[in-house]
Amino acid sequence: MSHPLSRTTHPHLPSYPERVIQFGGGNFMRAFVNWQLQQMNRQGLFQGSAVVVQPTERGLGDLMTRQDCLYTVLLNGIFQNRTVNSQEIITTVSRVINPYTHYEDYLALAEDDGLEFITSNTTEAGIAYHAGDCRGDQPPASFPAKLTALLFRRFELRKKGFVIIPCELIDRNGEKLHQLIEQYAREWQLGEAFVTWLREENTFCCSLVDRIVPGYPRGRDQELEHELGYTDELMVTAEPYLLWVIEGPEWLSERLPLDQTGLNVIFTDDMTPYRERKVHLLNGPHTAMVPLGLLAGLETVEEVMQDECFSRFVKEIMEKELAPMLNFPLEDVLAYASDIQERFRNPYIRHELRSISLNSISKFKARLLPILLRYQQEKGILPPLICLSFAALLLSYRGDRIPRQDLPEVNDVFDEAWSRPSSFVTTILRKESLWGADLTKIPGLIQTIEADIRQLDQSGSRAALQIMK
Ligand SMILES: NC(=O)c1ccc[n+]([C@@H]2O[C@H](COP(=O)([O-])OP(=O)(O)OC[C@H]3O[C@@H](n4cnc5c(N)ncnc54)[C@H](O)[C@@H]3O)[C@@H](O)[C@H]2O)c1
Ligand SMILES: O=P(O)(O)OC[C@@H](O)[C@@H](O)[C@H](O)[C@H](O)CO
């Protein structure tokens with residue numbers, strides 16, 4: 001029988017001093033930030049580790065601690081024309097602090113001069129204001145409020161600030177986090193000197209991350225355990241590709257030499273174009289394929305890409321509707337689209353459509369709706385494939401064919417609208433709370449979506465795609 005991975009089973013693995021505070025130890029962070037720290041350490045360019053702060057009451061803290069914060073990253077895919085199937089034990093998490101049970105340990109991080117960087121991935125829901133958070137809470141509920149408490153302790157100790165690089169997939173993440181911290185600072189009456197210290201002594205960077213991380217290798221774990229010779233409940237699979245665009249000052253690449261390590265990390269003074277390109281051309285097709293694929297009984301991105309009818313849909317939505325609307329030379333953006341399709345075809349990882357479907361309404365709003373609007377304005381007609389995926393999404397939120405995974409308030413709006421099927425499309429398109437605008441004002445949208453829903457409902461998504469050929 002194999003033993004759980006730990007420093008007892010692997011006594012010769014290196015340890016490094018703590019240089020990073022990391023909020024969140026989810027799959028993505030473990031396969032992205034911690035993996036990259038390890039690559040810098042291996043080249044002798046960083047020599048640091050991250051202390052993980054558990055952002056929510058329930059988390060992986062106990063599990064991580066049981067494994068002495070060691071875990072395996074499995075990279076699987078084709079990268080630069082080579083097949084990659086690598087396994088690496090990651091040693092760049094030093095410990096996990098649960099602020100719900102060890103709040104003083106958490107605040108004590110402020111005392112350590114060796115800690116210079118703060119990173120986070122608390123999902124898109126994490127960088128948000130939480131009304132009930134108070135100065136004396138141990139800890140406050142939200143991530144920004146927790147961080148405010150830590151930064152205030154650091155300020156009171158008259159120590160230098162941090163470089164703060166959030167990874168959440170929200171636009172201008174570093175700025176939003178900074179704004180929320182200032183909001184708490186004012187609400188909690190922490191004083192103007194603290195607000196000035198936040199601005200002058202800390203560097204809030206916006207960043208954009210890209211790596212497909214399906215997570216635990218479900219279905220392959222027994223085989224891997226046999227191969228690795230240990231059990232590891234924290235192993236995580238990821239594609240070999242990665243991109244991290246960090247908008248920050250020029251000196252940052254000296255202090256955090258990710259790019260010098262040969263990693264695809266870009267330090268820039270304007271990340272906007274990179275973000276637009278990725279959100280619309282990678283996350284957009286993900287969100288577009290989900291309801292159509294699920295309605296046809298497909299389960300993974302790879303199955304979509306292996307299916308001739310569905311992969312043609314992905315190619316065409318990218319090349320005909322999304323790419324031409326982006327502010328990039330078309331040739332470059334088409335080359336990027338082709339690389340993404342190759343990543344989607346990765347035969348070694350199982351990326352579940354269900355996992356991408358989580359909170360699909362807000363994802364459609366961020367990833368596809370802006371392009372639908374741009375297309376309609378520029379061409380005077382609606383993009384047929386984006387509309388078909390929109391119709392499939394709305395149909396899937398009837399909840400009878402595939403389970404919905406969204407916020408209760410979003411599901412309630414759909415239940416109410418679907419209770420009167422004949423007016424459903426008009427009712428739902430009018431909901432500014434969902435789309436940020438009244439979509440019934442877009443010429444032809446009601447009729448197009450009604451017709452698409454009818455078609456999808458009667459004949460299914462495969463037939464609807466075949467008709468569009
Ligand atoms: N998995 C991917 O392929 C991938 C790729 C790029 C970006 N991302 C982004 O990373 C995020 C996390 O993905 P993951 O695969 O690591 O998921 P995960 O479930 O493994 O980890 C989620 C992490 O977020 C924390 N969290 C959840 N809700 C929170 C809240 N309300 N406040 C504070 N913290 C909260 C959890 O404690 C956990 O640490 C996703 O939202 C996604 O947008 C994922
Ligand atoms: O992670 P989500 O749930 O916000 O979105 C699902 C995917 O589109 C996303 O995880 C991509 O795989 C990722 O953004 C690639 O970098």
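I started with the record: UniProt, in an unreviewed entry, places the feature "domain: Mannitol dehydrogenase N-terminal" at residues 19–259. Its positions are in the numbering used here, its feature names are shortened, and annotations may be inferred rather than shown by experiment.

A reminder to myself: this is a predicted model, where local features need pLDDT of at least 70, side-chain atom pairs count only at pLDDT 80 or more, and totals for chains, interfaces and linings use all residues. Residues are numbered from 1 along each chain as its sequence is written, with chains lettered from A and ligands numbered from 1 in the order in which they are written.

I looked at residues 19–259 and found the end C-alpha atoms 18 Å apart, with 32% helix and 24% strand in the span. Helices (H or I, at least four residues) and strands (E, at least two) are DSSP runs, numbered from the N terminus.

Next, ligand 1. I found 21 residues around ligand 1, and the closest are Gly24, Gly26, Phe28, Thr122 and Thr123. A residue counts here if its C-beta atom, placed from the backbone, lies within 6 Å. The shell has eight nonpolar, 11 polar and two charged residues; Ala, Val, Leu, Ile, Met, Phe, Trp, Tyr, Cys and Pro count as nonpolar, Asp, Glu, Lys and Arg as charged, and the others, Gly among them, as polar.

Then I turned to an open three-stranded sheet, order 10-13-14, with mixed pairing. Strands pair if DSSP finds at least two bridges between them. Strand 10 (206–210) and strand 14 (265–268) are the edges, each pairing on one side only. I saw strand 10 pair with strand 13 (residues 243–247) in the antiparallel sense over five bridges, and Val209 stands opposite Trp244 in strand 13.
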